[in-house]
Amino acid sequence: MSAVMAAACAGGAAWLMTGRERGSRRAREVLGGCGEAVSEDPVWRRVTAAVGGRMRHEWWALAGGAALALLGDSVVPLVLGAAGVPLIRRVRRGRSARLAEERRSCAVIAMCGALAGEVRAGRQPGEALRAAVGDAGPEGGAWLGGARAGVLAAARFGGDVPGALEEAAKEPGARGLLGLAACWRVAVDRGAGLAAGLERLEGALRAERDQRADLRAQLAGARSTAVMLAGLPVLGLLMGSALGAAPLRVLLHTGAGLGCLAVGGALEGAGVWWALRIVRGAEER
């Protein structure tokens, strides 16, 4: 019965971790939008959000350590949980930064399309740029960061628009503005068609974004497998407890158990770090 329960838990964890990427990839294929913007959150994230409310994810490590400390009658899990708080916070902030970068990249693509439409509708380039950036309200063009005011001022008063766009391109995920600056400079200096260049730029940026999204979807299986394998020791502890072996007492109250816990934790962390490093290296290339 314990083995069947452990297998069921492992299968459920694998389904929860891999189902999100399959759904997001399908959504990208159907809607052609940003994967994170159109995909549905996995079940485990909705559950933790409903239970924890505004509680940050990193504090769950401390709560879990406190629970294990009470169950195992030892302070070691509490110390490990407290040590995991800054690590999980760093991971959460990195993920938030990647999501913000992806949203900014999508905003650049949308702005190129809107600007091309405004120019083809007969507006002057400066007026069209102000409309595309979002001159109507304070929220419009907020993804440009501090460079938004410079872009709007350059567009309104005939300043160095390409220079302002290049400055705005320094924001993470806004690298596509370098292409917009180049299109603007060529259109002004040589009289080339700005709308045609913007449409080609939009298509190139969209193809690049879709390629990155498809690569992430293909690598999601490897990442999910690494995370699932990292959780197998927890299933081993659950099985040992179900069989009456008292693994927490052995790990937390004996010298050999503490040594195994230290060595196993180090190997576990190194294995997860190495597997995720391989995945990140493939994404970067």
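1. Let's start with contacts along the chain. In this predicted model, 56% of the contacts with a separation of 6 or more join residues 24 or more positions apart.

2. Next, the overall make-up. The chain has 13 helices and zero strands. Of its 285 residues, 31% count as buried. The chain exposes about 16,800 Å², and 63% of that comes from carbon and sulfur atoms.

3. Now have a look at helix 4, which covers residues 59-72. Its 14 residues reach 20 Å from the first C-alpha to the last, close to the 20 Å expected at 1.5 Å a residue.

4. Which residues of helix 4 are buried? They are Gly65, Ala69 and Gly72. Seen down the axis of helix 4, its buried residues fall within an arc of 80 degrees, so they line one face of the helix. These buried residues pack against helix 5 (76-120) and helix 12 (247-253).

5. The face turned away from its buried side carries Leu70 and Leu71, which are exposed.

6. Follow the chain onward from there. Just after helix 4, Asp73 takes a positive phi of about 55 degrees. Val75 sits in the loop between helix 4 and helix 5.

7. Is Val75 buried or exposed? Val75 has a relative accessible area of 54%; exposed means over 50%, so Val75 counts as exposed. Together with Leu78 and Val79, Val75 forms a nonpolar patch on the surface, and the accessible area of the three together is about 250 Å².

Terms used
Residues numbered from 1 in each chain as written. Predicted model: local features only at pLDDT ≥ 70, side-chain atom pairs only at ≥ 80, totals over all residues. Heavy atoms only, no water. Helix = DSSP H or I, 4+ residues; strand = E, 2+ residues; numbered from the N terminus. Expected span 1.5 Å × (residues − 1). Buried < 20%, exposed > 50% of the residue type's maximum accessible area, 1.4 Å probe, protein only. Arc of directions from axis to C-beta. Contact = heavy atoms within 4.5 Å. Patch = residues over 30% accessible without salt bridge, like charges linked within 9 Å, V, L, I, M, F, W, Y side chains within 5 Å. Areas by Shrake-Rupley, 256 points an atom, 1.4 Å probe, with all protein chains shown as cover. Salt bridge = Lys/Arg side-chain N within 4 Å of Asp/Glu carboxyl O.
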